[in-house]
Amino acid sequence: MHKSVLLPEVIDSLKVRLGKVYLDCTLGSGGHSREIVEKGGRVYGLDVDPEALKRVESMNLITKQANFKDLKAVAYEWGLTEVGGILLDLGLSTEQIETDGRGFSWQTDGPLDMRADPSLKVTAADLINGLGEGELVKLFKIYGEEPQAKSLAKAIVKARPFKTTGELVRAIEAIKYPVRRHHPATLVFQALRIAVNDELNNLKAVLPQAVELLEPGGRLAVLSFHSLEDRIVKNFMRDESNLKIVLKKPVISDRPHAVLRVGEKL
Ligand SMILES: C[S@@+](CC[C@H](N)C(=O)[O-])C[C@H]1O[C@@H](n2cnc3c(N)ncnc32)[C@H](O)[C@@H]1O
């Protein structure tokens with residue numbers, strides 16, 4: 001079901017060569033990995049979500065359920081010290097958003113969970129029902145860049161507790177907003193998902209490890225889906241002295257909105 005984003009561009013940018021090892025840090029439904037294997041690359045892949053690993057079982061890849069923040073340790077476990085390319089396709093797969101019933105989307109009713117890794121302790125319900133109003137304002141501002149953070153937090157505190165995404169969406173929809181591009185729940189859901197899965201810290205942790213693991217000339221390709229992620233990737237690639245930026249201008253896709261940045265190890 002998941003349609004790999006910018007598939008030809010990602011595969012091109014990784015310069016896949018016969019027999020070389022590639023690390024797919026976000027296996028998802030295996031779409032990018034499948035293409036790397038077709039081109040003769042050897043894929044080692046990881047994902048935090050055990051359901052993702054089940055989906056790629058038939059592909060006979062070497063896989064592990066792990067968080068990419070631990071990339072170096074996982075690669076060493078596999079006996080890998082230098083690889084030809086590394087891919088990070090951030091965010092979630094269509095299967096997770098639409099079918100897993102873990103409350104990632106404001107568009108489908110489900111439990112307020114949002115853990116990509118089911119072993120995590122804190123759910124979206126814990127945050128939305130447990131944080132103080134000021135903490136919710138900060139959460140919506142920092143991880144959602146939500147302009148109405150204050151009125152949203154106030155209304156949410158008044159209407160809680162919430163058990164399901166539907167209940168939360170209805171409370172959000174009850175507030176008056178100026179005309180905006182997104183549904184009013186979009187940024188609140190983004191903020192909760194980032195916080196539950198610690199997404200930005202995971203990204204900051206993996207980038208330097210990925211550069212260390214690349215062989216000279218090896219490529220790092222990162223697909224980001226919102227400006228908070230892309231800013232981290234852009235600044236990292238600009239400042240990392242062991243990396244040459246390959247694409248002066250990133251490749252951008254419209255639907256879904258995604259930004260592809262690529263660096264090459266010096
Ligand atoms: C957009 S999907 C990848 C889709 C894949 N490239 C494809 O073509 O099918 C992102 C995947 O990354 C996983 N993921 C998110 N954060 C992760 C992390 N910190 N460590 C490992 N996997 C992560 C998600 O569980 C999800 O399966």
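This is a predicted model: local features need pLDDT of at least 70, side-chain atom pairs count only at pLDDT 80 or more; totals for chains, interfaces and linings use all residues.
Among the 23 residues around the ligand, the nearest are S4, T26, G28, G31 and D89. Which elements give two or more residues to this shell? They are helix 2 (31–38) and strand 2 (42–47).

Now step back to the whole chain. The protein divides into domain 1 (7–95 + 199–265) and domain 2 (101–197). The C-alpha centres of domain 1 and domain 2 are 28 Å apart. Yet the domains do touch. Eight residues of domain 1 are in contact with seven residues of domain 2. On the domain 1 side of this contact, four residues are nonpolar, two are polar and two are charged.

Next, look at a pair of helices. Helix 7 covers residues 133–144, and helix 8 covers residues 149–159. Their axes come within 8 Å and cross at roughly 135°. How do the two helices lie to each other? An angle over 145 degrees would count as roughly antiparallel, and 65 to 115 as roughly perpendicular. Helix 7 and helix 8 are therefore oblique to each other. The crossing of helix 7 past helix 8 is right-handed.

Which residues meet here? Helix 7 brings E133, L136, V137, F140 and K141. Helix 8 answers with A149, K150, L152, A153, K154, I156 and V157. By class, the contact of helix 7 with helix 8 has eight nonpolar residues, four charged residues and no polar ones.

Terms used: Residues are numbered from 1 along each chain as its sequence is written. A residue is near a molecule or strand if its C-beta atom, placed from the backbone, lies within 6 Å of it. Helices (H or I, at least four residues) and strands (E, at least two) are DSSP runs, numbered from the N terminus. Domain bounds come from an automatic or database domain assignment. Two residues are in contact if their C-beta atoms, placed from the backbone, lie within 7 Å. Ala, Val, Leu, Ile, Met, Phe, Trp, Tyr, Cys and Pro count as nonpolar, Asp, Glu, Lys and Arg as charged, and the others, Gly among them, as polar. Axes are lines fitted to C-alpha atoms, for helices over the stretch in contact, and angles run from 0 to 180 degrees between N-to-C directions. Angles under 35 degrees count as roughly parallel, over 145 as roughly antiparallel, 65 to 115 as roughly perpendicular and the rest as oblique. A crossing is left-handed if the near helix is turned anticlockwise from the far one by less than a right angle, and right-handed if clockwise.
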